[in-house]
Structures are given as C-alpha cells and as structure tokens.
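Please examine the fold shown below.

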Amino acid sequence: TTTAGAASNTANLTVLAVPTITKAFSPQSIISGTDSLVTLTLANSNGVDLTGGAVTDTLANMSAVTPPGPVGGTCVGTTPNTLAAGATALIFTGITIPANSTCTVTFSVTSTILGAQPNTTSGVSTTQTPSPGPASNTPSLIVYAVPTISKAFNPAAINSGGNSVVTLTLSSTNPGSLVGANFSDTLVNMSAVGGPVTGTCVGITPNTLAAGATNLGFTAITL
C-alpha cells in the first residue's frame, strides 16, 4: 500500500493594503512671496504598522520657504527634518505609519507665480508594501499679487473754496477678479464737497459722501 508522508508546515500569507496619501495647502490662497503650510496625510488601513515609508513631492511653480524651514507633522521617523531654502524636488523617507491610523508630514512653501498652481505628491511606498500606492489628490495653491492704487487731483490747483475731482485708480495684475477690496482716505486740510461717488469700479460703497466728510472709507469693490 501507498502511505502518505507527513503534511507540510503551515505557512501564512500576509496581505497588506497599500497606504494612501492626501495633500492640502493652508491657507489655500496666498499673496505672492508669502507662505502656505503643506500637510501630507498618510493613512494605513492595516492592523500592523508600516515602516520605512517614502514619498516624493516635486514642487511646480513653488518652492520650500526661505530661510530653511522645518519638516513637522505627526509621522515618526520622517527624514529630512529640514528643507533647504528654494528646494523643489522633495523626498521624505523613514516614515512609520501607525496601524489603523494616519499621520502627517508638514512643510511650508512659497510662490511668486500668479494664479492657480496645482501640485500632486507621489504615492507612498513602505518596507512592507514596496510598490507605491496611488498618488495624492491635486490641490492648487492660489497666488495673488496685491492691488495697487494711485491718486490724482483735477485740477491740481484751485482757488480757496473751489472744487477738485479726486480720481483713485485701482490696478490688479492678477489673472482673475479680486472682490471685496477696501481702502480708506483721510483728507488733511480738505474735505468732501458732498454728493455722488462715481467711477468705473463695480460695487463701491458708499455711493455718496456727506458734505464736509474727511475720514473716508470705501468697501465692496471688485477689480
């Protein structure tokens, strides 16, 4: 008769889900040359820690802040812990993503390129899941230039008690409209004649001035 030999040992196959990553700017809109904090949120749906996490972030039309800024967040082991000023090709390694949880990597960026600047971070690879997971979402950092204002009197010379028209010219170099603009004008040694406020700006408030007014404030302007 044929007798079967002993059964094999029992091997376990461990199946792990790849980690995911999301990206956000705070604030999402900045004035040209100022800073926004980037938060990368790494998520691990497995019942074990994922170690040796690595992710790359190629910054398009933006860069790490000047002077060199710290790398923060809640992820343990993130390397490097500072970024060189002006860096654009970022690589983070050594990250541990806790089991059934999330952690964050944070750093600051700046830009002088006006408009919407979209940016995506690579998927995350780890020692346990060496093939990177899906790339992050693609948020945009919105960069604005501050508007400018110039002032002129017409005529520039009057007799005592005469009138001159003040023209305030507001300018914007941004690709989109600016709303809710406001400014003040404190009249020194002069006062408003009183009457309508005119011009080409849309939405300006108030649309009339009291005779003798000197502390003027204009709001709700769209450029």
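Strand S2 and strand S11 (residues 140–144) run parallel and are joined by three bridges. Strands here are DSSP runs of E with at least two residues, numbered from the N terminus, and two strands pair if DSSP finds at least two bridges between them. Within this pairing, Ile31 has Tyr144 of S11 as its bridge partner. The model is a predicted one, in which local features need pLDDT of at least 70 and side-chain atom pairs count only at pLDDT 80 or more, while totals for chains, interfaces and linings use all residues. Residues are numbered from 1 along each chain as its sequence is written, and side-chain values use heavy atoms, with hydrogens and water left out.

S2 and S11 belong to an open sheet of three strands, ordered S2-S11-S10, with mixed pairing. Strand S2 (29–31) and strand S10 (115–118) each have a single partner strand and stand at the edges, so one side of each is left without a neighbour in the sheet. On average, neighbouring strands of this sheet are turned by 30 degrees against each other, direction ignored; the axes behind this value are lines fitted to C-alpha atoms, and angles run from 0 to 180 degrees between N-to-C directions.

A further open sheet has four strands in the order S1-S3-S9-S5, with antiparallel pairing. Its edge strands are S1 and strand S5 (63–64), each of which pairs on one side only. Strands of a sheet pair through backbone hydrogen bonds, either parallel or antiparallel. S5 and S9 pair over two bridges in the antiparallel sense, and the bridge partner of Ser63 in S9 is Thr110.

In a regular strand the side chains alternate between the two faces of the sheet. Buried here means under 20% relative accessible area, exposed means over 50%, and partly exposed lies in between (1.4 Å probe, protein chains only).

The structure holds one disulfide, a term for a pair of cysteine sulfur atoms within 2.5 Å. This disulfide joins Cys75 to Cys103, with an S to S distance of 2.0 Å. It links distant parts of the chain, 28 residues apart: Cys75 lies in the loop between strand S6 (69–70) and strand S7 (82–83), and Cys103 lies in strand S9 (residues 101–110). The torsion about the S-S bond of Cys75 and Cys103 is about 85 degrees, so the disulfide is right-handed. Cys75 counts as buried because its relative accessibility is 10%, and Cys103 is likewise buried, with a relative accessible area of 2%. Cys201, at 28% relative accessibility, counts as partly exposed.

The loop between S6 and S7 also contains Gly73. Gly73 has a relative accessible area of 45% and is partly exposed. Although Gly73 and Thr106 are 33 residues apart in sequence, their C-alpha atoms are 5.0 Å apart in space.

Strand S14 pairs with S17 in an antiparallel arrangement through five bridges, and Ala181 stands opposite Ile221 in S17. The covered face of S14 holds Ala181, Phe183 and Asp185, and the uncovered one holds Asn182, Ser184 and Thr186.

Both strands also contribute to the largest pocket: strand S13 (165–171), strand S14 (181–186), strand S15 (195–196) and strand S17 (215–221) each supply at least two residues of its lining. A pocket is an open set of points on a 1 Å grid over the protein atoms alone, where a 1.4 Å probe fits, with protein on both sides within 12 Å along at least five of seven lines; lining residues have an atom within 4 Å of a point. The volume of the largest pocket is about 1,000 Å³, a volume being the space filled by probe spheres set on the points. Its lining comprises 35 residues, and Ser164, Val165, Val166, Thr167 and Leu209 lie nearest the centre. S13 provides the largest share of this lining, six residues.
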